[in-house]
Amino acid sequence: MIEQLGNGLLLGLIVAIASVSLSLLYGVTRIVNFAHGEIIALGAVLTLFFSSSPESSFLYLDRFSPLGSSFIVSSIASILLCGLFGALLELCLFRPLRKNNYGNVAVLVITIGLSIFLRHIFLLFASAKPASYALDLQKREDYFGIQLTPRNVQVLIIGSVVMILVGLFLTYTKTGRAMRAVRDSSELASVSGINSDYIITLTWIFSSMLAGFTGIIQGVINNVRWNMGFLILLLIFAGSILGGIGTSFGAMFGGFIIGMLVQLSVGLSFMDGHTEAKNAIALALMILILLIRPQGIFGSKERIS
Amino acid sequence: MNKAIIEVNGLAAGYVKGLNILQGIDLVIKENEIISIIGPNGAGKSTLLKAIMGLIPISGGRLYISGNELTNFKSHELIKKGIGYVPQVANVFPSLTIEENLEIGLWTKTKNSKEGKKEIFEMFPILSEKKREKAGNLSGGQRQLLALGRALITKPDVLLLDEPSAGLSPIAIDEVFKSISEINNKGVSILLVEQNAKRALTFCDRGYVLDQGKNSYTGTGRDLLDDPNVIDLYLGKL
Ligand SMILES: Nc1ncnc2c1ncn2[C@@H]1O[C@H](COP(=O)(O)OP(=O)(O)OP(=O)(O)O)[C@@H](O)[C@H]1O
Ligand SMILES: [Mg+2]
């Protein structure tokens, strides 16, 4: 199992960041967003598009040959575009739905439809083959007994820094505080002078940028696929629920635990040749914990409803 | 004659289109006044405050604030026009600390935020002691004081209070009423919705009795307390 520790840390980090973004969006907008995985994939696919060399042919349509920009520039551009995409989703889709008082179930079904639609758009444009960024191959080295490539270490550091920044943003900035206030009660926030629609739009942007960032690092560690977001979505839901829906710290912790356990279970002897089943053990554990603590590890009772 | 801060004419509103809970309410709150609204459960008292605050759409009639028509303005815009509101339920942010709850009230103000907090902490020392605690952990009475503080920190001209004494111990109720009267002494008009009709009518300058979404009686607190119809219908059981 120990040889999976490095991969476990990486997957744990990815699921943790994604869970924070999903749970913040849920908390503020009350939308269970099945299309969150596709925003993750969007970050990865856009980065691939911007950074691959123009001769490479991962794209399905010849007209859209890649741009060959530097990886860092590509990543930043993709994250910004993911934010823009989140804003458009709110302004063109979810705000009108909210103003017309669509029920939660109707909105849920719409996000499922959106997820399927976007996923197949990626399939159309980016082909079904897994693709990798134009980064040089690196060998794994030993870091304190954990096997990682130097780039994996960079990812761990950058990911941790991003997570800390998110925590500081939510705790100490005026906007972060307003997001938490709208999460508690958007009505009370409005009558306290906050424009809830504005905060909801900012949350869409912020959450989508974080999702895009997650997709990029997921693409660095594994590869980029049209359905990569969908494959990881279940783990993200599991992580957010395990930590306690509506708490960012809980989502971070729950996501990390889920990602870690999924990867570590690959190292169990009876899993030999069955690595596809790696989600089973972590999710069984999640169900078990929720049976004992329905509000999640860090959730408060009043929030389950 | 004091000038009107809030004036409501023929107001109709409800939660669902075509189904008006309020059917033509008239109401005036003047500078420095304490007004109370009483009426049986389900009369539409909370609904009236929500309609004034822009939380539900106004389908008929008009709302004026300090002489300007602001019918169907958004809640966060009304706050800037000098109204403060404490809802009947869910009136604090439970996962935020006390200090953060007050800071949320300051969202619209960029300057003097330290001053505003200091004043509230002076008025309610208990909040100052617990300022780093989560509002969700406060007792009912302390929550009510925090809700008052959050609404007051924007320095409103008028404060709408929806049953601020509901569910509190007698001591906490006295404290809340004492705070309301201190706030009024500083020049803030008060619109108070109360279950305890007798206490509310004794406390206020003028009162309105609401029944089934309509005004049924209105007058000074004294007149209403002595009105045989009001006694019969709403005070008799007390
Ligand atoms: N969110 C809502 N959606 C639909 N109808 C509502 C809603 N809230 C209240 N009502 C209805 O509106 C009517 C008036 O309710 P309201 O809460 O204004 O009464 P109230 O006078 O404040 O009563 P109470 O003394 O119990 O607080 C009631 O018939 C109630 O069922
Ligand atoms: Mg009420």
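**Two chains, asked about**

Author: Chain B and chain A bury about 2000 Å² between them, with 64% of it on carbon and sulfur atoms; buried area is the accessible area (1.4 Å probe) that two parts lose on being put together, summed over both. This is a predicted model, where local features need pLDDT of at least 70 and side-chain atom pairs pLDDT 80 or more, while totals for chains, interfaces and linings use all residues. Residues are numbered from 1 along each chain as its sequence is written, and side-chain values use heavy atoms, without hydrogens and water.

Reader: What makes Ile31(A) count as buried?

Author: Buried means under 20% relative accessible area, exposed over 50%, and partly exposed in between (1.4 Å probe, protein chains only). Ile31(A) has 8% relative accessibility, so Ile31(A) counts as buried. Among the residues Ile31(A) touches are Phe94(A) and Trp204(A), where contact means heavy atoms within 4.5 Å.

Reader: Why is helix 6 of chain B called roughly parallel to helix 7 of chain B?

Author: The axes of helix 6 (residues 140-152) and helix 7 (residues 170-185) of chain B come within 9 Å and cross at roughly 15°. Angles under 35 degrees count as roughly parallel, over 145 as roughly antiparallel, 65 to 115 as roughly perpendicular and the rest as oblique. Therefore helix 6 of chain B is roughly parallel to helix 7 of chain B. Leu145(B) and Leu148(B) of helix 6 and Val176(B) of helix 7 are among the residues that make the contact.

Conventions
Chains lettered and ligands numbered in written order. Axes fitted to C-alpha atoms, helices over the stretch in contact; angles between N-to-C directions. Helix = DSSP H or I, 4+ residues; strand = E, 2+ residues; numbered from the N terminus. Lists of a residue's contacts leave out its neighbours within four places in sequence.
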